[in-house]
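Here is a friendly briefing to read alongside the model.

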Amino acid sequence: MRPENKEALSAEIARAHSFAENGKMSLAVRSFDLAREMLVVWAKPASLQKQIAREKAHLVKERNRLRKINFDHGAGDGRTPLLILGDSLGLPRTDQKLIGYRGARHTYAWMLGSEKHGFQPTSVCQRYFTTQDALDVLEEEPDLTQSDAALIHLGLNDCAKRMFLEDERLALALLSADTRTALLSFAKRYRHAILTLLPGRHYTSLEDFQHNLDLLINRLQRGGCKKIVLTTIILPPSRTWRATPGVNENFGRYNLVLMSAAARNGAILFDFNRLVAERGLAEMLGEDGMHLSEAGHAMFANEASALLK
C-alpha cells in the first residue's frame with residue numbers, strides 16, 4: 001500500500017471513531033465501511049495473494065494431518081467408508097492440539113471411527129470452510145464422492161454475518177499495528193451499529209448456499225454415495241444475540257434452506273441444532289458458545305451414527 005493510501009485509510013478510520021464519539025453513528029459506520037473497502041482496493045495484489053495463499057496452505061495442512069489421523073484410527077475390516085465434510089466444529093479446539101493425537105480423539109470424526117460406531121472416516125474438516133470450499137475439494141478429489149456414506153456438517157461459516165470478508169480479514173495483516181488496532185477496535189466496540197446500519201455480509205449468500213448444497217448432494221449421489229446426512233447449523237446462545245442483531249432470523253433462514261435441500265434431494269436431515277437446544281447448550285458447547293464440547297462431539301457421533309446405519 002502506498003504511503004498516501006496508508007495515510008488516507010488511517011484518517012478514515014480516525015474519522016469513524018470521531019463520528020461515533022460525537023453520536024453520529026450513521027456517518028461513523030459509513031466511514032468504517034469505506035476504510036475496510038480501502039483495505040483490499042489499496043493493498044498490493046501480490047502481497048494480499050501471498051497472505052491468502054499462506055493461510056490456505058496452513059489450514060489445508062492441518063486438515064490433511066487430522067484426516068490421516070482419523071482415517072488410520074478407523075482402519076479395520078468391515079468398516080463403512082464415511083466422508084465427512086465439515087468446518088472447525090469437526091476439529092479439535094486450538095488448546096487441544098497438543099493433547100494425544102493432536103486432539104483428534106476429542107472430535108466426532110475420531111469417535112465415528114471407533115469400534116462402537118464402525119466407520120472408516122475420511123474427515124475433510126477445515127477452519128473457515130464453506131460449502132463452496134467443499135465443492136472445490138470434490139472437484140480436486142472426485143474419488144471422495146464414491147464413499148458409501150457422507151456426512152455434511154457445514155453452514156456456520158457460510159451464514160454468519162461478517163464484519164470482514166476473507167480478503168479484508170487477511171489484508172488487515174498488511175496494515176501498520178496502529179491502524180489495524182484502530183480498525184479492529186472500532187469493529188469490536190460498534191459491532192451492533194455496523195450490523196444494524198450496514199447491509200449484512202456473508203461468506204456465502206443464501207441463494208449460493210442453496211445452490212452449493214444441491215450441487216454437493218448431487219455430486220455425491222452421482223458418485224454412488226448411498227446415504228447422505230445433512231446437518232443443521234447451531235444457533236449461538238442468547239448471550240450473543242444482542243451483539244449480532246437478527247442472528248436468530250439469519251440462522252433460521254439458512255437452516256430452512258438446508259432442510260429444504262435435504263428433502264428436495266433425498267438426503268437425511270440431522271437436526272443437530274434442535275438436539276443441542278434440547279440437551280443443553282451449556283453442556284454441548286464450549287466456552288465460546290459456538291464450538292462443541294467433548295460431550296457435544298460424543299452426542300453428535302452417537303446421533304449421526306444412528307442416522308447413517
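**Sheet, helices and cavities**

Strand 3 (residues 149-153) and strand 4 (residues 227-231) pair in the parallel sense, with four bridges between them. Pairing here asks that DSSP find at least two bridges between two strands. The model is predicted, so local features need pLDDT of at least 70 and side-chain atom pairs count only at pLDDT 80 or more, while totals for chains, interfaces and linings use all residues. Residues are numbered from 1 along each chain as its sequence is written, and side-chain values use heavy atoms, leaving out hydrogens and water.

**The sheet**

- A150 has I228 in strand 4 as its bridge partner.
- Five strands form an open sheet in the order 2-1-3-4-5, with parallel pairing.
- Strand 2 and strand 5 (268-270) are the edge strands, each pairing on one side only.
- From one strand to the next, the twist averages 20°.
- Strands (E, at least two residues) and helices (H or I, at least four) are DSSP runs numbered from the N terminus.

**Helices on the sheet**

- Helix 10 (residues 206-222) packs on the sheet and touches strand 1 (80-86), strand 3 and strand 4, where contact means heavy atoms within 4.5 Å.
- The direction of helix 10 makes about 160° with that of strand 4.
- Helix 11 (residues 247-265) lies across strand 4 and strand 5, at about 165° to strand 4.
- Axes are lines fitted to C-alpha atoms, for helices over the stretch in contact, and angles run from 0 to 180 degrees between N-to-C directions.

**Cavities**

- How many cavities of 30 Å³ or more are there? The count is two, a cavity being a set of points on a 1 Å grid over the protein atoms alone where a 1.4 Å probe fits but cannot get out.
- The largest cavity holds about 50 Å³ of space, a volume being the space filled by probe spheres set on the points, which are joined across faces, edges and corners.
- Its lining residues, which have an atom within 4 Å of a point, include D87, H153 and T232.
- The second largest cavity holds about 40 Å³, and R36, R162 and R201 are among the residues that line it.

**A positive phi**

- Most residues other than glycine have a negative phi.
- Y128, in the loop between strand 2 (119-125) and helix 5 (131-140), has a positive phi near 65°.
- Y128 counts as partly exposed because its relative accessibility is 32%, between buried (under 20%) and exposed (over 50%), with a 1.4 Å probe and protein chains only.

Conventions:
1 Å grid on protein atoms, 1.4 Å probe; cavity = no way out; pocket = protein on both sides within 12 Å on 5 of 7 lines; lining within 4 Å.
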